[in-house]
Amino acid sequence: MNDATAGETIYDELGVSPVINATGTKTRIGGSRIRSEAVAAMRRASRSFVRLSDLQAEASSRIAAATGAEAGYVTSGASAGLALAAAATLAGRDVDRMDRLPDTTGIPDEIIMARTHRTGYDHAFRAVGATIVDVGTNDRRLGTGATNVEPWEIEAAISEKTAAIGYVQKPYTQPSLETVTDVAADHDVPVIVDAAAELPPAENLSTFVDEGADLVVFSGGKAIRGPQTTGIVAGRAELIESIALQHLDMHAAAGVWSPPSALVDVDRLDGVPRQGIGRSMKVGKEELVGLIVALESFLEEDHAERVRVWREHADYLATELSTVTGLETEVTAGHDVSVAPAVVVRVNPDVARSSATDVVRSLRAERPRVFVGADRLDEDIFTIDPCCLEAIEIDYLLERIRAHTARRS
Ligand SMILES: *Cc1c(COP(=O)(O)O)cnc(C)c1O
């Protein structure tokens, strides 16, 4: 037993059911377990004051070292990182534009995306004033053609109204990032990459920068295991500067305004920007420090060993559940749709006691709530992602799934 299975969490004390997380780093159930060294660092950070721009400048140089990018910035999550990245491509160094966003009258405001890259998260682009122009088809998915989007379609959509190209990075996204950055470079258009969940492998911190992305966004609250409310943007110094100017608290008297030169080149600005569109996406000193420390730990971690343990847990769960009548299991390799290996559990509705939907619903209604993956219920499948499970929770999970699936004799 651990805190959750023993009913001893802070959530129990507050009268709220805790969750056994068998579905991976999902924000709605709390993301990941923040590293203890990050929590300790946040506690220390809370004891004294610091100029946030100084702390962001230090984070920038560390993110640059970790990613190979010119600069970096800590945001309040990957989604906020996408919003700030878009704001940077809309406003650049123009203080007036920064002040006007999300009003983009007279400003190039189109972000071009392949239609198959559209996700709920691109609301972040639209929130700061961008208009998404999506191109291509969904032919591959539908089986009606060989490709979804051709490089020429992206190129044809570029005009004087274009602010950026948006790209969602997954191991299987098409066209390749390099194809897109080549087209973009020909027209001097920045490429924003959403790589929120693409860690580990740690090498991915630099891969997309190497492939020509201008800004790459990662979540700090997923595999990095920093504070839930953090994200990282890595990329070109000039765009990171625009992010800083639109994010930092800005009601400073011009005479004493001296942000760190590593982050902001005051001489190239028309004045002190007002509170920008990013001001409502505040990052506190504690979160900033927590993310910096978590990133260092992530870089030092033995990722192969972590994946090996996930795989071991997945294999064990799959073997045990395959003995239940009406359940068939399979373990997918990591890097299919998620970085961790997953157990795919197919419920045969003719033989099993309840449907996949009923199993998922019953597990979620327990105390503690048990969350398994529910993205494939239409196929009578639920999934188990081992990456947020403690070893001590595995048998509890098995017992609860059996309780809802095993036939009573
Ligand atoms: C998780 C995720 C996000 C949002 O990340 P947060 O850090 O929770 O804001 C954005 N895009 C993709 C593809 C994600 O998986």
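Which residues in α13 meet which residues in α15? I began my notes with this contact.

**Basis.** I worked from a predicted model, in which local features need pLDDT of at least 70, side-chain atom pairs count only at pLDDT 80 or more, and totals for chains, interfaces and linings use all residues. Residues are numbered from 1 along each chain as its sequence is written, and side-chain values use heavy atoms, with hydrogens and water left out.

**α13 and α15.** I found that H313, Y316, L317, E320 and L321 in α13 meet I394, D395, L397, L398, I401 and R402 in α15 (contact means heavy atoms within 4.5 Å). I noted seven nonpolar, one polar and three charged residues in this contact; Ala, Val, Leu, Ile, Met, Phe, Trp, Tyr, Cys and Pro count as nonpolar, Asp, Glu, Lys and Arg as charged, and the others, Gly among them, as polar. I recorded an angle of about 25° between α13 (residues 303-321) and α15 (residues 394-405), with axes 11 Å apart. Helices here are DSSP runs (H or I, at least four residues), numbered from the N terminus. Axes are lines fitted to C-alpha atoms over the stretch in contact, and angles run from 0 to 180 degrees between N-to-C directions. α13 and α15 are therefore roughly parallel to each other (angles under 35 degrees).

**α2.** I looked up the buried residues of α2 (residues 36-45) and found A38, A41, M42 and A45; buried means under 20% relative accessible area, exposed over 50% (1.4 Å probe, protein chains only). I noted that the face turned away from the buried side carries the exposed S36, R43 and R44. The cover over the buried residues of α2 includes α12 (285-300).

Conventions: Helices (H or I, at least four residues) and strands (E, at least two) are DSSP runs, numbered from the N terminus. Angles under 35 degrees count as roughly parallel, over 145 as roughly antiparallel, 65 to 115 as roughly perpendicular and the rest as oblique.
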